[in-house]
Amino acid sequence: MIKWNRIVAFLAVVGITFALIGTTAKGVIGGITLGLDLQGGFETLYEVKPIEEGQELTKNTMKDTVGAILKRIDILGVAEPEIAIEGSDRIRVKLAGVTNQEEARKLLGEPARLAFLGPNGEELMTGNDLAKDGASVQYDELHRPFISLKLANAQKFEDITREYLHQRISIALDEQILTSPEVQSVISGGNASITGEYTVEEATQLANILNAGALPVEMTEIYSNSVGAKLGAESLDKAIFAGIIGVGAIFLFMFLFYRWAGIIAIVTLVAYMYTILVVLNWMHATLTLPGIAAFILTVGMAVDANIITYERIKEELRAGKSLTSAVRAGQRRSLSTILDANITTMIAGAVLFYFGTSSIQGFAVTLMVGIVMTMLTAVLGTRLLLSIWVRSNALRKPWFYGVKESEINEL
């Protein structure tokens, strides 16, 4: 006797799942940040050299340099930059969505060592004496922009101006003299200014660089690569097309070989793909081509989990067991195999994440997230829906689960 309440429960679970996906999928997909290879941008590799004689390139020095670069990237307004230390003296920077690459190069590589020099070139103060966000763009009476500096130690600057009263104090940036005003009076309050023939954009960028701080090392660009927005969009279109073809082939395979059980698997696979996108969105992960490859790979793993379960069920059906007994036995026998496969893949993903860099880590993160989601949807989800349906006593003939009557052995 068919239990209609089970069928209603099955349809309710499926309906709610697809309604949730249909109403939120656009926002979820639109919220995922695309990487350099998918939206275009700029990648460069720097060789790091000591800035002073005797300076050592320690791990802390490299980390401090990365921190300084991140501050400068904030000026560009680039989200999810990828910065990786490679070896002992190289730093790779990937900026997705950057259109003005020359500006980015200048902003990243500018040492920005500010110095206040006495009449004989002696260093009186440095950029480290600037107050936090102490550089700003101001305008003179002719509306010409200049950079106003606020010093952290006003007393120190006052003492300097008292000592060098009626002499010239130079302000230099990267050993280039920007201005050399004469100290006409003792300056209290810790304010100074850099004047020159600046445009508003140039003055703003210089102020931003000074606020970001000087680089603790010298960086030389040894390699750069740019990906145009059009090329990135083409890569994304091709990846999506390949993904649709691949997933469509998987769905067709599941339907042809497992029929009604295959349709249940397709439902959970759609739920799986949606949940993995939700998790990536929630993690603010950057999706790259390797990430898409890992995503499609995990779809295959989710399918494998279903195939292992269904093949065990078909073996039990061929052995002459009832559908209920075959499903119960098949699910129990397949679980250990699925767990072993996923645990070993999870270990591989963890190793890739620990030792890999940038895109390799992105691949590993997507892979590990996919494994967890596989267990929740393609394994537990499929078991739940299949159990609900089998208990409804509808479509109980073995043919609906991919087994011909002629293949069944009599007990």
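The questions and answers below go through a predicted model of one protein.

Residues are numbered from 1 along each chain as its sequence is written, and side-chain values use heavy atoms, with hydrogens and water left out. Local features need pLDDT of at least 70 and side-chain atom pairs count only at pLDDT 80 or more, while totals for chains, interfaces and linings use all residues.

Me: How many helices and strands are in the protein?
Reply: Both kinds of element are DSSP runs, numbered from the N terminus. A helix is H or I over at least four residues, and a strand is E over at least two. The counts are ten helices and 13 strands.

Me: Why is the protein described as more spread out than a compact globule?
Reply: The radius of gyration is taken over C-alpha atoms, and the globule rule is 2.2 Å times the number of residues to the power 0.38. For 411 residues that rule gives 22 Å. The C-alpha atoms fill a box of roughly 110 × 45 × 35 Å along the principal axes.

Me: Which element of the protein has the lowest mean pLDDT?
Reply: pLDDT is the predictor's confidence in each residue, from 0 to 100. The protein has a mean of 84, and 97% of its residues reach 70 or more. Helix α1 (residues 4-30) has the highest mean among the elements, 91. The lowest, 76, belongs to helix α2 (residues 36-39).

Me: What share of the residues in the protein is buried?
Reply: Buried means under 20% relative accessible area, exposed over 50%, and partly exposed in between (1.4 Å probe, protein chains only). The share is taken over 411 residues. Buried residues make up 43%.

Me: Which elements do the buried residues of α4 pack against?
Reply: Helix α4 spans residues 101-109. Its buried residues are A104, L107, L108 and G109. Contact here means heavy atoms within 4.5 Å. The partners are β2 (41-49), α3 (59-76), β4 (90-96), α6 (200-212) and β12.

Me: Is T65 buried or exposed?
Reply: T65 lies in helix α3. Leaving aside neighbours within four places in sequence, T65 is in contact with I91, P216, V217 and M219. Its relative accessibility is 0%, so T65 counts as buried.

Me: What is the relative accessible area of E221?
Reply: E221 lies in strand β12 (residues 218-227). Beyond neighbours within four places in sequence, E221 is in contact with T44, L45, Y46 and R105. E221 is partly exposed, with a relative accessible area of 34%.

Me: What separates the C-alpha atoms of E221 and A249?
Reply: Along the chain, E221 and A249 are 28 residues apart.

Me: What separates the C-alpha atoms of L117 and I171?
Reply: L117 is in strand β5 (residues 114-117). L117 is buried, with a relative accessible area of 17%. Not counting residues up to four places away in sequence, L117 touches several residues, among them R168, I169, S170 and A172. L117 and I171 are 54 residues apart along the chain, and their C-alpha atoms are separated by 6.3 Å.

Me: Which residues does T161 touch, not counting those up to four places away in sequence?
Reply: T161 is in helix α5 (residues 154-163). T161 counts as buried, at 1% relative accessibility. T161 touches V183, S185, V186 and I187.
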